[in-house]
Amino acid sequence: MKLSDAQMKKLLEYNGQPQLKQLALNMALTRLKKIYKGTPTPVVLSRCTSELNVIFEKFATVMKTDYDWIVSLQEDEPC
Amino acid sequence: MLKTFEQTAALIAEKKLLHVSGAEALLRRLPAGNWIGGSTEYFLDESGGQVRNDAVDVLELNFSEYKFASYDARSLPNIAKDAYDNGFSVIILPFDSEVHRQYAQNAADYEDIFLKNIVGWISGTNLEATNQAPVAVNGALGEILTDKAAVLHISLPEGKIAQLNIVNIFSTDAKSPVITFAEDGFKAKMCFVDGKETDFADYIAHNDLDIKLPLVGDYSGAGINISVKSVEGGTVNFYAPVFKGIEYRFAEKIPDYVEAFHGKIDEIRNRDSEFACNCILNFLYGGLEGKNIGGFYGPITFGEVAWQLLNQTLVYLQILDN
C-alpha cells in the first residue's frame, strides 16, 4: 500500500467528502491539506505523500479500505 | 467498574495495572502503585449515569509491558515519540491547565502522533463543589498533578493491534452556514459566516442558536465537535480550540441523547473496549444520570482525547487481532 505523489495530489485537492473509515487518517489528512494549501510545491507534496505512506505501512491491516478508496478516487473522481 | 476505596487499594497492593477515575479526595488517599488516575465524580456503567464521590471507576489493564510518565507543557510534544511502536498510551490532563491548553492547540503537530494510539481525557471536578481541583495522578511515582499530564504507555504483544475510535451523536445542521475562523484559539470574537466577516456572539444571539449544540468541524469527512463554553462580553469561549482552515457548522438538535447513543452504539458489532470515556456535556445536556446508553462505559470527562482533543464525544479503544 503506497501512494504516488500524483495520487496524493488528487487526494489533497479533493473537494468532496472523503470516504475514510479510520479517524487517524481523517485527522492526518486534514493536517496535510493545511500544510499543502500553505505551500503547494512538489517538495511539500512529496513530504505529505511520505507521511501518509508511513501511516499506511504501519496500519496496513485496518487501513486497506481507506487506501482502496483513495486509489479509486484517482481513477474515478474529478478534482 | 465502580469499586470502593478499599477494593481499589487492595488491587493496587496486588500490583495490578489500573486506570482509576474518581473524586479528587479519594485519588489523593490511594497508595502509590501501578496506576494512573484522574478526577471526576461522573460515571457511566450498566446501571446508567451516576454521580459518586464514594466510589471510583477502576479499569484493570492486563498487559505486561508498560511505562509511566508525567509531562509538563515543554515535554508534552514527546508523548507520541515516547509511546511504544505497537501499543497505546492513555493520557490524563487536568482541566484548564497549561498542559491542557498546549495539548489542545498543538497535538496534531506532535511528532509521530498519528503513528501511535493516543487516547485519554481531561480531568475535572464536581461542578457543584467549590473546593476541588482537577488532578491527574501518576500512581507509580505517587504524584498528584495539577499542571502536568499523567501518561501510561502500554505495549501490545505481537499479533495484537489497538484501534481507537469515536461515537459522535451529532451531525451538522443542513441549514447551518459554514463558519470559519481567522485564528486558532479557545475563544473568538469574529468569525466568517459563509465567508462574510461577522461578530460571532451577535450571530449566535440574532439567530437564537442553542449553544448546548457543538460546532462540528469537517476533518476530511469526519465530524469533530467543539463545544461552546459561554458567550461573555462579546466573546465566544470554547472547551477546545477552533482552528483556522477548518470548516465548522452548528450541529443539528438531538431530541433524545439516550436514543441517539443507542442508535450509534447498536451499529457497532464488537462492543468490547479496553477503555472508553464520554463527555460531561453529553451527561448533563442529555440527562444521562440513571440512563444506560448501551455500551462503552467509563468515566465522564471534561474533554476527550482521540489523538486530538475532542468535545461532546464518546471515545473508545479496542484491542484487535492483527
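## Two chains in contact

In this predicted model, 17 residues of chain B are in contact with 19 residues of chain A. On the chain B side, strand β13 gives the most, with 5 residues. That strand covers residues 160–167. The chain B side of this contact holds 10 nonpolar and 7 polar residues, and no charged ones.

### Helices of chain A

Two packed helices are described by the angle between their axes and the distance between the axes. Helix α3 of chain A (residues 42–58) packs with helix α2 (residues 23–38) of chain A. It also crosses helix α1 (residues 5–12) of chain A. The table sets out both pairs.

| Helix pair | Angle | Axis distance |
|---|---|---|
| α2(A) and α3(A) | about 170° | 10 Å |
| α1(A) and α3(A) | roughly 95° | within 9 Å |

How do α2(A) and α3(A) lie to each other, roughly parallel or roughly antiparallel? Angles over 145 degrees count as roughly antiparallel. At about 170°, α2(A) and α3(A) are therefore roughly antiparallel. From α2(A), the contact takes A:L25, A:A28, A:L32, A:I35 and A:Y36. From α3(A), it takes A:V44, A:L45, A:C48, A:E51, A:L52 and A:I55. By class, this contact has 10 nonpolar residues, no polar ones and 1 charged.

The second pair is set another way. Angles of 65 to 115 degrees count as roughly perpendicular. The axes of α1(A) and α3(A) cross at roughly 95°, so these helices are roughly perpendicular to each other. Here α1(A) brings A:D5, A:M8, A:K9 and A:L12. Helix α3(A) brings A:L45, A:S46, A:C48, A:T49 and A:L52. The classes are 5 nonpolar, 2 polar and 2 charged residues.

### Two domains of chain B

Now turn to chain B. The domain assignment gives domain 1 (2–166 + 259–321) and domain 2 (179–250). Their centres, taken over C-alpha atoms, are separated by 27 Å. The contact between them takes 10 residues from domain 1 of chain B and 10 residues from domain 2 of chain B.

Which elements give two or more residues to the domain 1 side? They are α4 (98–106), α7 (280–285) and β26 (308–310) of chain B. That side divides into 5 nonpolar and 5 polar residues, with no charged ones.

### Strands of chain B

Strand β12 of chain B spans residues 149–155. It is mostly covered, with 6 of its 7 residues buried. Strand β12(B) pairs with strand β7 (residues 66–71) of chain B, antiparallel, over 6 bridges. In that pairing, B:K67 has B:H153 of β12(B) as its bridge partner. Strand β8 (residues 87–94) of chain B also runs antiparallel to β12(B), joined by 6 bridges. There, the bridge partner of B:I91 in β12(B) is B:V151.

Chain B also has an open sheet of 3 strands, in the order β15-β21-β20, with antiparallel pairing. The edge strands are β15 (185–188) and β20 (228–232) of chain B, and each pairs on one side only. From one strand to the next, the twist averages 20°. Strands β20(B) and β21 (residues 235–242) of chain B are joined by 4 bridges. B:V228 has B:F238 of β21(B) as its bridge partner.

### Two loop residues with positive phi

Two residues of chain B, neither of them glycine, have positive phi values. For B:D194, phi is near 50°. B:D194 sits in the loop between β16 (190–193) and β17 (196–199) of chain B. For B:Q312, phi is near 45°. The loop that holds B:Q312 lies between β26 and β27 (314–321) of chain B.

Which are they, buried or exposed? B:D194 has 10 C-beta neighbours inside 10 Å, so B:D194 is exposed. B:Q312 has 28 other C-beta atoms within 10 Å, so B:Q312 is buried.

How values were computed:
Residues are numbered from 1 along each chain as its sequence is written. Chains are lettered from A and ligands numbered from 1 in the order in which they are written. This is a predicted model: local features need pLDDT of at least 70, side-chain atom pairs count only at pLDDT 80 or more; totals for chains, interfaces and linings use all residues. Two residues are in contact if their C-beta atoms, placed from the backbone, lie within 7 Å. Ala, Val, Leu, Ile, Met, Phe, Trp, Tyr, Cys and Pro count as nonpolar, Asp, Glu, Lys and Arg as charged, and the others, Gly among them, as polar. Domain bounds come from an automatic or database domain assignment. A residue is buried if 20 or more other C-beta atoms lie within 10 Å of its own, exposed if 12 or fewer, and partly exposed in between; C-beta atoms are placed from the backbone. Axes are lines fitted to C-alpha atoms, for helices over the stretch in contact, and angles run from 0 to 180 degrees between N-to-C directions. Angles under 35 degrees count as roughly parallel, over 145 as roughly antiparallel, 65 to 115 as roughly perpendicular and the rest as oblique. Two strands pair if DSSP finds at least two bridges between them.
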